[in-house]
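User: I am new to this structure and would like to learn how to read its features step by step. Could you guide me through them?

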Amino acid sequence: GLSVGVPEQIREVPDHLRIYPNPASNYVVIEIELDTIQSDGSLIIMDITGRISKRFVVTSPNQKFVLDSSEIVEGFYTVYLVDQGILLQTQIMVIHR
């Protein structure tokens with residue numbers, strides 16, 4: 001017979017970041033939902049060359065940032081959520097006009 005193994009425990013991927021609309025043309029909203037935050041965290045938006053395009057200070061476990069997409073050039077970005085030097089989550093964000 002055929003035996004199919006089922007993992008005992010499925011690791012949940014954290015979902016601390018909500019980015020919408022994505023892709024964005026006029027503005028983009030970045031929502032953070034954490035259980036707790038140890039110190040002032042960072043929300044870092046980095047372009048594909050590794051250059052930091054925007055950086056926000058995260059002072060609350062639940063915070064919302066609105067970014068006018070005219071502030072950065074169109075393209076693909078990686079959004080990093082960091083607390084005390086620990087990367088909590090990354091997500092891709094696309095800006096197009």
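User: How many strands form the open sheet that contains β4, and in what order do they stand?

Analyst: In general, the strands of a sheet pair through backbone hydrogen bonds, in either the parallel or the antiparallel sense. In this predicted model, an open sheet is formed by 4 strands in the order β4-β3-β6-β7, with antiparallel pairing. The edges are held by β4 (52-58) and β7 (86-95); each has a single partner strand, so one side of each is left without a neighbour in the sheet. On average, neighbouring strands of this sheet are turned by 20 degrees against each other, direction ignored.

User: How many bridges join β3 and β4, and how many join β3 and β6?

Analyst: Strand β3 (residues 41-47) pairs with β4 over 6 bridges in the antiparallel sense. One of the facing pairs is isoleucine 45 with its bridge partner in β4, lysine 54. The antiparallel strands β3 and β6 are likewise joined by 6 bridges. There, isoleucine 44 has tyrosine 80 of β6 opposite it.

User: What lies between β3 and β4 in their hairpin?

Analyst: The hairpin of β3 and β4 has 4 residues between the strands, and glycine 50 takes a positive phi near 95 degrees in this hairpin.

User: Is β3 mostly covered or mostly uncovered?

Analyst: A residue counts as buried when its relative accessible area is under 20%. In β3, 6 of the 7 residues are buried, and the strand is mostly covered. Serine 42 is located in this strand. Serine 42 is buried because its relative accessible area is 19%, which lies under the 20% limit.

User: Which residues are in contact with serine 42, leaving aside its neighbours within four places in sequence?

Analyst: With those neighbours left aside, serine 42 is in contact with Arg55, Phe56, Val58, Tyr80, Leu81 and Val82.

User: How does one read the side chains along a strand?

Analyst: The general idea is that side chains in a regular strand alternate between the two faces of the sheet. For a single residue, the accessible area can then be consulted. Phenylalanine 76 is placed in strand β6 (residues 75-83). Phenylalanine 76 counts as exposed because its relative accessible area is 54%, and exposed means over 50%.

User: Which residues form a nonpolar patch on the surface together with Phe76?

Analyst: The patch consists of Ile48, Phe76 and Ile92, which together have about 370 Å² of accessible area.

User: Where is glutamine 84, and what is its phi?

Analyst: Glutamine 84 is in the loop between β6 and β7. Although glutamine 84 is not a glycine, it has a positive phi of about 55 degrees. Glutamine 84 is exposed because its relative accessibility is 52%, above the limit of 50%.

User: Which strands form the open sheet that contains β1, and which of them stand at the edges?

Analyst: An open sheet of 3 strands has the order β1-β2-β5, and its pairing is antiparallel. Here β1 (17-20) and β5 (62-68) are the edge strands; each has a single partner strand, so one side of each is left without a neighbour in the sheet. From one strand to the next, the twist averages 15 degrees.

User: How many bridges pair β1 with β2, and what stands opposite isoleucine 19?

Analyst: The strands β1 and β2 (residues 27-33) pair over 4 bridges in the antiparallel sense. Opposite isoleucine 19 stands isoleucine 30, in β2.

User: Finally, what does the chain contain as a whole?

Analyst: The chain has 0 helices and 7 strands. Of its 97 residues, 34% are buried. The chain exposes about 6600 Å², of which carbon and sulfur atoms supply 51%. Among contacts between residues at least 6 apart in sequence, 52% join residues at least 24 apart.

Key. Residues numbered from 1 in each chain as written. Predicted model: local features only at pLDDT ≥ 70, side-chain atom pairs only at ≥ 80, totals over all residues. Heavy atoms only, no water. Patch = residues over 30% accessible without salt bridge, like charges linked within 9 Å, V, L, I, M, F, W, Y side chains within 5 Å. Areas by Shrake-Rupley, 256 points an atom, 1.4 Å probe, with all protein chains shown as cover. Salt bridge = Lys/Arg side-chain N within 4 Å of Asp/Glu carboxyl O. Helix = DSSP H or I, 4+ residues; strand = E, 2+ residues; numbered from the N terminus. Buried < 20%, exposed > 50% of the residue type's maximum accessible area, 1.4 Å probe, protein only. Pairing = 2+ DSSP bridges. Axes fitted to C-alpha atoms, helices over the stretch in contact; angles between N-to-C directions. Contact = heavy atoms within 4.5 Å.
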